[in-house]
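Reader: I'm new to reading protein models. Could you walk me through this one?

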Amino acid sequence: MLLKQAVVHDGLGAAAVCDVRIENGLIAQVAPHIDGEGIDLTGMHLLPGFIDTMSKWGINGTAYEIRPSSDDNDEKSEPVTPELDVIYAFNGRAVSVQQLPAYGITACGVAPSDNNVFGGQAAAFETDGVNGYTMCLRRGVGLKCSLAREVKRVYGGRSVMPSTRMGIFQLFGSWLRKADAYDPDKEGVEPDEKLAAIRRALRGEMPLILACDSANDRALAMDILKPYPDVRVIFTSINGMDEQDLALDPARVSFVTGFAGGDLDPRSMNRRYDVLTKLMDRGVHVAVSGMDGTSYSREWVLWEGMELTRHIADTERVLSMMTIEPARLLGIDAQTGSISVGKRADLTVFTMNPLTDFRARVVRTMIAGRTVYQEGDEIKCYC
Amino acid sequence: MLLLKNATVLTMDEPQVIEHGDVLIDGGKIAAVGTDLPQEGCEVIDLTGRIVMPGLVDAHAHRSNFPVSGEGSGDINELTNPVTAELNALYAIDPKNESFRISCAYGITTSCIAPGSGNVVGGWCVAIKSAGGDLASRVIANPVALKAAMGINPKGVYSGKNRLPMTRMGIAQVLRDYLRRVQAYMKKKEAADGDPEKLPPYDEALEHGIPVLRREIPLKVHAYQQDMMTVLAIADEFDIDVTLDHALGASDFVEEMAASRHLRGVIYGPVYIGLFPGEGCKVDFDAMKLLDDRGVCTAMMTDALLSGAQMLVNQVGECVRAGMEPMRALRMMTVNPARMLGLDSRIGRLAPGMDADIAVFSAMPCVAPAAEVLMTLIDGQIVYQKNMEG
C-alpha cells in the first residue's frame, strides 16, 4: 500500500509532505516521492495512531454481565495484588465495539484500578480485534500501585487496613521492603508471586504506575522509593499538581495527563499546565490519556491534546505526547508511536490537522496496515 | 459605562457577525452593538483580534450539592418517591460551589439547574447565573421547566426498592398518571371558579404540573434512544411541550423529531463514559446537524457536576467536526437553550436591552482548539479574567 502526498506528521516533531509505503503491516519507506500507484492523500494529514496511555478499554464488568460483579481490572478483595496481570481482564470485542479508531486511537495501555495499593501488572493493546492475546503489544508494561483515596474508600468501608493514608503508605513501604529482601534463589525461601512481581519493579524491569492525589503524595512516594534507585515511576495523573512537583527527579518520573472532563472530582479541577510544561522543559516525559478518574471517552485523548495546545504552542510537540511519548512510557516505542521505517503501520488520516482545527475528520485509520475504520462506517453500538 | 471595543462580535442575532465591532454596556445591560460606537465617558477595553459572544448557556446541569465520595445522598436526587414534582431545584444549589467559578472560567454565564434523574417526575428546574450576588439575585427564572426522567435511572432506583416503576412500562404509567392527575386538578380548580369551598385541596406536586399542561414551560425529560419516542407520544397525548435531554441515539429518530408539534428542543450530551450496553450506547453528534437542518432547536449540556464545564465547548466542537456550520453550532450554547428555557428576551444574544452576559474568546471557539476564554462578564461585571487566576 502506498499513501501519497499527505502532510506526514511523524510524531517525533517533524511534518512534511511525503509518500509512505506500507509492506506486511510495517512502514517500509517514507520519502518525498515514491513511484507507483497509491491512495492520493493530497491535502490530508497523516499521523501516527494516537495511543491512550492509561485506560480501562477492553475491561468487562458489571454493566455487561448477567450477574452483578466487579470490573475485571478491579480485584478489590485485598489491597496487595501485584501478582495479577491485566492481560486476563482484556476482551478484544469489548474494546472493538468502542470504535476508538474513529478518533484516531490505535493502541491503549490498560491498567488495574486505583483501588489497591498494589493492583497488578498493566499491558498495552491494539484497539481493534477479537483475541486479546494477539492484540497485546506488550505485557508487564508496569506495576500499578495506588496511594489515592480510592484505596481507603474501598478498604476503610470494610474496616480493613488500610482505612487511612497512614495505612496506605505503610503497606506501600513495607511491601517494597519485603520484596527488596526477597531472594527466591536463596535456600529455604518459598516462591512468592507477590514479592516476585514487586521485585521486578525494584530491579527496574518494569516501572511503577502510581496513582496519587497530590504533589505531597508524590513527594512522599518518592521519599519511600529513595532506597531503590532503579525504580522508575509513571504518575497516572496530574491531580493536585503544584510547584512542589518541580522537585521531582526528571530521570525517575514521568506523567500521564488525562482530559479532566469529570468535575465531580475536585482533585482534577485545577489543572496546573504551567507546572507541567516546566517539568517537560526539565526533561520529564508526559503522555496523554483519555481518562479522568472513573470518567473517560474516546474523544478525550484528542480533547486533552487540544487542551494542551493552549499551553504548548508547538502542536507537533503536543502530537508527540499522544503518540511517541505514550509508546515510550508503555515500552512499545520500538513497534509503534511514530511514522518511522520499520515500525508498524499504526496510522490515522485526518482531513485537517486535528490539533489546529475542530473541523478535522478522520477519513481512515489503520492498525498494522489493516484499515480498521473509514469515514462513513456505521457507528458501532451495543443495541 | 463599559465599552468592549474592536472585536469580532458574534451576536447570535442579526447581523450575525460584526467585524471590528463594539459592545456598549450600561447598568448591567447591553446598550448598543455596532461599529465605532462613541466612547466618551466609557471605560474602554480594547479587544482587537478577539471574539466577543453571548455568555454560554448550559441547558442542563446539576451544579449543587452532588453526592461525593459517600457523603450521603447529596441534594439533587430525592429518591424517596418516583414522583416528587413538588420539589424545586433552587433549594439544592450551593451558590458557592466551586463549579460556578469554573463555569465562569469557561464562559458559562447561565445554567439550567435540574433535579436529578432518579425519579420519573423530579421537580422544577431553575435558571441561574454563574456569579453575582446571593442565590436569589442570581436566579433569572424559576421555574423554567419541570424535570422528568425515562429509562434506567428511575427503573434502577425503584427496582432496588421493589416499587413501581421497575420497568419502562411502569415509568410511562407513572408519568401519564401524574399528568392525568394534573389535568383533573386543573379541571376541579376551573370548576370551582374561585369559590374556596369548591377548590380541591392545595397540592403542590400537581400545582407544579399546571404550567406544563398550559405549555408555559416544557417537561424536561431525561431520555435516550427509544425512550425519546415514548416522550413524544406522551407529549402528543397530553398536548404539552417537551425537551429531550441527553438524546444519545437521536440520529435514529430525526424525521420523527422534525415532525413533532410538541418538541421544544433537543439537549445533547454529555459524552463522558465509554459506550455501554443500554440507553447511552450511541454517541452520534452528527444528529445535531441533521436536526438543525430540519429546523429542530438543538442545545448542548454538561450535566455538571457529572462532567466539567469545558465539555460544553468541546462537545459543540464535535458537532462542528460532524459537519455543522460553526455559526449554527454556537447557537447550541447561546440563543437556542435560551429559547428552550423561555429566556431569549434576556440572554443568549448580543442586542440592546439584553443582559450584559458576555464571553470573550482568544479565537473562534469550536473551530480553533486553542481558543480559550479571556474574560467573562455577567450583568456587565467582569467575573473572570485570564491570568487573574491563581
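This is a predicted model: local features need pLDDT of at least 70, side-chain atom pairs count only at pLDDT 80 or more; totals for chains, interfaces and linings use all residues.

Reader: Is H10(B) enclosed or open, and why?

Author: A residue is buried if 20 or more other C-beta atoms lie within 10 Å of its own, exposed if 12 or fewer, and partly exposed in between, with C-beta atoms placed from the backbone. In H10(B), 11 of the 11 residues count as buried, so the helix is largely enclosed.

Reader: Which helix of chain A do the buried residues of H10(B) pack against?

Author: Those buried residues include Met311(B), Cys319(B) and Arg321(B). Within chain B, their packing partners include strand E6 (56–61) and helix H9 (286–293). From chain A, the partner is helix H8 (300–308).

Reader: Which element gives the most to the side of chain B that touches chain A?

Author: Two residues are in contact if their C-beta atoms, placed from the backbone, lie within 7 Å. By that rule, 34 residues of chain B are in contact with 31 residues of chain A. Helix H1 (98–105) and helix H10 (311–321) of chain B each give two or more residues to that side. With six residues, the top contributor is H10(B).

Reader: Is Gln173(B) buried, exposed or partly exposed?

Author: Gln173(B) sits in helix H4 (residues 168–192) of chain B. Around Gln173(B) there are 14 other C-beta atoms within 10 Å, so this residue is partly exposed.

Reader: Over in chain A, which are the edge strands of the open sheet of eight strands?

Author: Two strands pair if DSSP finds at least two bridges between them. The open sheet runs in the order E6-E7-E8-E9-E10-E11-E12-E13 (chain A), with mixed pairing. An edge strand pairs on one side only, and here the edges are strand E6 (50–55) and strand E13 (285–289) of chain A.

Reader: Which residue in E8(A) stands opposite Gly109(A)?

Author: Strand E7 (residues 105–110) and strand E8 (residues 118–126) of chain A pair in the antiparallel sense over four bridges. Opposite Gly109(A) stands Ala124(A).

Definitions and conventions:
Residues are numbered from 1 along each chain as its sequence is written. Chains are lettered from A and ligands numbered from 1 in the order in which they are written.
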